[in-house]
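Trainee: I'd like to learn how to read charged pairs and surface patches in a protein model. Could you walk me through them?

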Amino acid sequence: MGTKKLKKTRARTSKCTYPTSSTSLTLPTLSTTAQKIISLLYSGLFKLDKNGKVQNDLVKSYKVFDDEETGQHKMTITLKDTCWSDGISVDAADVIYAWKRIFEVENSDTAAALLFDIKNARAVVEGDCSIDDLGISDPEQNVLEITFETKIDYDQFILNLTSPALVPLREDIVSKNVDWAKKPATTVCSGPFTLRSASYEEGKESMTLERNPYYFRDKNKDALDKSVTPYRLIVDFSVTDEELKAMYDAGQLFYIGEIPVSLRAEYADIAKVTDEMSTHTYFLNEKALISDGGKDADENPTGDYIFANADVRR
């Protein structure tokens, strides 16, 4: 919604806008709009196309093995040949590091639920197993082996792997600096773009993304725009609703990350709404009461605890 193409220019620089809150790109916990920017900087194993269908991203091929006699259930994934923005190959070890990081106690990340089908995943969260017992390994540099405790819905698991929260990460980068994702100098990217600059100054929030020269490309043989056409994207988080509308109507924006609520009615007739995958966490108050309607219900409510009611639990 809100995409408007511009005429081609030699500079191939495009401008986008996103809500200011999206400037926090800390992985793996992401806001919905931040995920859209992350998808430009980081590639996952799988991705969703414009029709919501799962497509291979970093994955070249995969195989599923189910042996009911031995009780072995595995998936092997072979990665495509591509590199991080500093020229180092994207390996299976990068996937393993990123996934194990999600399970670390200090992260307590809700994205761990996306990987609960993996052997010992739940036990790791509950403290009954070490992270090293998680059923993932890299028998070869570009091969990821995933072990499951039982036969699973593999289509659903692959759909889970389209989440930006599960993209590969480099241990040598992430482990050295807690603010690694905020600074271009300490950020390496596996996606079509890399972070060139970022401003977090209030009222001037912006990012400049530039083409990743190693993204599915042989630097010595292929043209610069083989896999990525735009050279640069300027992402502006600071514009007001009125400024956004004026820039959009004037054809100065290539993409609007999210149409502000105040403008949605105006563009309702040309909007196309599609579903997207997301993860939500709900916190419920187990001490909440279902009032019995007593006389002092406002000041001294009485009744049954909400989860004592079988209908609520269902």
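Predicted model: local features only at pLDDT ≥ 70, side-chain atom pairs only at ≥ 80, totals over all residues.

Trainee: What makes a pair count as a salt bridge?

Mentor: The idea is a side-chain nitrogen of Lys or Arg within 4 Å of a carboxyl oxygen of Asp or Glu. D222 and K226, at 3.3 Å, are a case of that.

Trainee: How many salt bridges does a search of the whole structure find?

Mentor: The search turns up 9. One of them joins the side chains of R232 and E210, with 2.9 Å from N to O. This pair ties together distant parts of the chain: R232 sits in strand β10 (residues 232-236) and E210 in strand β9 (residues 206-211), 22 residues apart.

Trainee: Why does E210 count as buried?

Mentor: Because its relative accessibility is 11%, and buried means under 20%.

Trainee: Which helix holds both K245 and D249?

Mentor: That's helix α6 (residues 241-249), where K245 and D249 lie 4 residues apart, about one turn of the helix. They form a salt bridge too, with the closest N and O atoms 2.8 Å apart. K245 is partly exposed at 22%, and D249 is also partly exposed, with 40% relative accessibility.

Trainee: Now the surface. Which residues make the nonpolar patch?

Mentor: To be part of a patch, a residue needs over 30% relative accessible area and no salt bridge, and nonpolar side chains are joined within 5 Å. Here Y282, L284, I290, F307 and V312 make a nonpolar surface patch of about 520 Å².

Trainee: Where is V312, and what is its relative accessible area?

Mentor: You'll find V312 in helix α8 (residues 310-313). Its relative accessible area is 35%, so V312 is partly exposed.

Technical notes: Residues numbered from 1 in each chain as written. Heavy atoms only, no water. Helix = DSSP H or I, 4+ residues; strand = E, 2+ residues; numbered from the N terminus. Buried < 20%, exposed > 50% of the residue type's maximum accessible area, 1.4 Å probe, protein only. Patch = residues over 30% accessible without salt bridge, like charges linked within 9 Å, V, L, I, M, F, W, Y side chains within 5 Å. Areas by Shrake-Rupley, 256 points an atom, 1.4 Å probe, with all protein chains shown as cover.
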